[in-house]
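Here is a short briefing on one protein model. Keep the sequence and the 3D view open as you read.

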Amino acid sequence: MQEDRIQAKEEKEARLREISMITQKLGPPDYKDDQHSTLEHCHIDSGSWILNKPEFVRWKTAQDLTNAVLYINGMPGAGGWHFLHYTVEITNTTRGKTTLASQIVNHLQSSAGIHRSPCLFFYFKHQSDTMQSFACLLRALLVQLLEEDSTLAEAFYQKYHSISISEARSSYRLKEFAAELLKSQNRCFIILDGLDECPDDDSPSEATRILKWFLTYIVSDGLKMGSNICLLVSGQRDGTLDRLLSGYPSIQLDILEDHLNDIHAFTQTRVSAIGHRFDLEPQEEAEIIKKVTATSEGMFLYTKVVMDNLMAQVSAAELDEELTVNFPKGLSAAYERVITRILDRPTRSRSQRDAAGKILNWVTCAARPLKWREIQCLLCVDAQKGSCNPRKRCADSCKDLCGSLIEADQRDNELKGTELIINIVHDTARRYLIQTERVNVIQHNADIALFSSAYLASPPFREDISDEEILQVALTGFYGFHDYTVETWQHHIRLAFGDITQLCPTICHQLRKFVGVFWTFKMSNWISIL
C-alpha cells in the first residue's frame, strides 16, 4: 500500500515536470491574469442570468453541430465582451469589471465532479501583441488542456521534448498538436472572448482564420470522431463574426431584457452616488436614470462613459448643463464630452490638461498596457539630459486626469505587491481619438521612438557607470521606463516608418539618423563576434 502511494506520488511529480517543460517551451501568454482580474471585483449576480438562458443550456449539453457553437454578441460597447458592473462599498463606489465570458468560464470550471470536462479560454486584446494572434491562442489552450488533463502529458512530452522552441511554436506544429489533444477529449469547452479584437491587416483576417479552423477541424471533425467540442465566441457584431456564425445559435445582448435590466440597475447605483455628491432630489435622480437608460441603446460602455462624466462635474450647475445642453446622443458624442472636459475646459489647470493629453497619447499608442508607475516616470524623465525629477510626479490619479477614457486595473506583482495597469477603456475610444485627430498615431510613434532612443542612449545607461552612480540614479526613478523601451522601441520605429511622409523633415532626419547609427553599431558587434 505504501509502495503504491509512493509510486503514485512519483508519477504525479513526473507529470508535473513534463507539463512544466512543455509550458516553458511553448511560452504561452499570461492568460490566467485576465480571468482572475475580471472576477476579482465581480458583483456576485452580475450577468449570472446567462447561465439559465435556453441557448446556453443547449450549448453546454450539445451532442450535435447545431448546438455545439454559441455566439454571444452585441454592438460595440454593449457589454458582451466587456460587461461592466459597479459595486457600492460602504464608503465609496469602486469599479469592478467582468465579462459574461468570465462568468461562464468560472461556472464551468467550478462544476462539481471528478469527471468535469475541461474548460479552456482565451481573452483577445487589441493592444497586446501576445493576446491577439492564432499562435498565442493555441499555445495558451495547449497548456491549459495539459493542466486540466495531466494524463495527456506523458505522450505529448515524448513527441514534444526533442523539437526546437521555434518548431514547437510554429503554426503548423501548434495546429497539429492542438487538434490531436482537443479531439482526444470526450467533451471540452472552449471560450474565445473578444475575437473581433484580432488585427485585420491581412486577408483573410486573423479572426476569420481562427474561426474557420475551429469550426471545420475542431468542432465538426471532432463530432465525427465522437468528441464533443463546444465553442463559445463572444464579441461585437463587426461584419466578420456575424457572417461566419450566422448559422449557429446566438444571444444578442443589446435587445435582451436581462441585459437591459442590468444597465438599469447599474445606472441606479451610479445615480445614487451622483445624487449624494450634488445633493439631488429623488425626482432629479429619477430623471437622470430615465434619460441615460433611454439613450443607452443597450450599450453598457455608453452608460459607463456618461455616468463617469456626470460624476466628474465640479458643481451642480455644470451637472445641469451636461444633462441638458450637452447631453450626448451616442457613444461618439459621449467620448467627445469627456475629451472636452479633460482637454479643453478652462476650469482645469494647464498642467492637468497637458498631463491628460500626454497620457492619452501614450496609452493610445503603447505597444502594451502601461503601468501607472511607468507613466509617472515618463512625466518625470528628461531623456536628453538623462535625468529624472521625482517632484514632477502627478498628485492626481490617472482616472482624475483622463476620466472614463481609461481603465485602471489593479494587478498583483510578486515584487511590488499590487500596481495599477492603465488601458484605454475600449478600442472604440482609441479609434475615436485617432479619427478626430486628438492623437496623431504616426507622429506620436515617432515621438516615442525618439524618446526611447534618447533615453537608452543617455548617461545613466553608459557601460562605465559605477554601481554607486546606478544606485543614485535608480533612487530618482529614472530606470522606471527601462523595461518598456527595451521591449518596444523597434515596434514604434517600425510604425513611424510605416508612413514617414506624414512626418516633418526634422523628425524624419532624426529617425533615419538614429536607425543608421543603430545598425552600424549592431553590425560592428556582429563583426567583432565573428
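Helices here are DSSP runs of H or I with at least four residues, and they are numbered from the N terminus. With that in hand, note that the model is a predicted one.

**Helix α9**
- Helix α9 covers residues 206–224, which makes 19 residues.
- At 1.5 Å a residue, α9 should span 27 Å. The C-alpha atoms at its ends are 26 Å apart, so the two values agree.
- The helix has a kink of about 30 degrees. The kink is centred on F214.
- F214 is also one of the buried residues of α9.
- Others buried in α9 include E206, A207, T208, I210, L211 and W213. Further along, L215, I218, V219, S220 and G222 are buried too.
- An α-helix has 3.6 residues a turn, so residues three or four places apart point the same way.
- What covers the buried residues of α9? The cover includes the strands β1 (69–74), β5 (187–193) and β6 (228–236). It also includes the helices α5 (134–148), α8 (171–182) and α10 (241–244).
- Just after α9 comes G226, with a positive phi of about 85 degrees.

**The second largest cavity**
- The structure holds two cavities of 30 Å³ or more.
- The second largest cavity has about 50 Å³ of space.
- Its lining is made up of V306, N309, L310, E322, F327, P328 and R337.
- Which helix gives the largest share of this lining? Helix α13 (residues 300–311) does, with three residues.
- By type, the lining of the second largest cavity has four nonpolar residues, one polar residue and two charged residues.

**S133: buried or exposed?**
- S133 sits in the loop between β4 (119–123) and α5.
- Its relative accessibility is 18%. Buried means under 20%, so S133 counts as buried.
- Leaving aside neighbours within four places in sequence, S133 is in contact with F124 and E206.
- E206 is itself among the buried residues of α9.

**D412: buried or exposed?**
- D412 lies in strand β11 (residues 406–413).
- Its relative accessible area is 67%. Exposed means over 50%, so D412 is exposed.
- D412 and D33 are 379 residues apart along the chain. Their C-alpha atoms are separated by 9.0 Å.

Note on methods. Residues are numbered from 1 along each chain as its sequence is written. This is a predicted model: local features need pLDDT of at least 70, side-chain atom pairs count only at pLDDT 80 or more; totals for chains, interfaces and linings use all residues. Side-chain values use heavy atoms; hydrogens and water are left out. On a 1 Å grid over the protein atoms alone, a cavity is a set of points where a 1.4 Å probe fits but cannot get out, and a pocket is an open set with protein on both sides within 12 Å along at least five of seven lines; lining residues have an atom within 4 Å of a point. Grid points are joined across faces, edges and corners, and a volume is the space filled by probe spheres set on the points. Helices (H or I, at least four residues) and strands (E, at least two) are DSSP runs, numbered from the N terminus. Ala, Val, Leu, Ile, Met, Phe, Trp, Tyr, Cys and Pro count as nonpolar, Asp, Glu, Lys and Arg as charged, and the others, Gly among them, as polar. The expected span of a helix is 1.5 Å times one less than its number of residues. The bend at a residue is the angle between axes fitted to the seven residues ending there and the seven starting there. Buried means under 20% relative accessible area, exposed over 50%, partly exposed in between (1.4 Å probe, protein chains only). Contact means heavy atoms within 4.5 Å.
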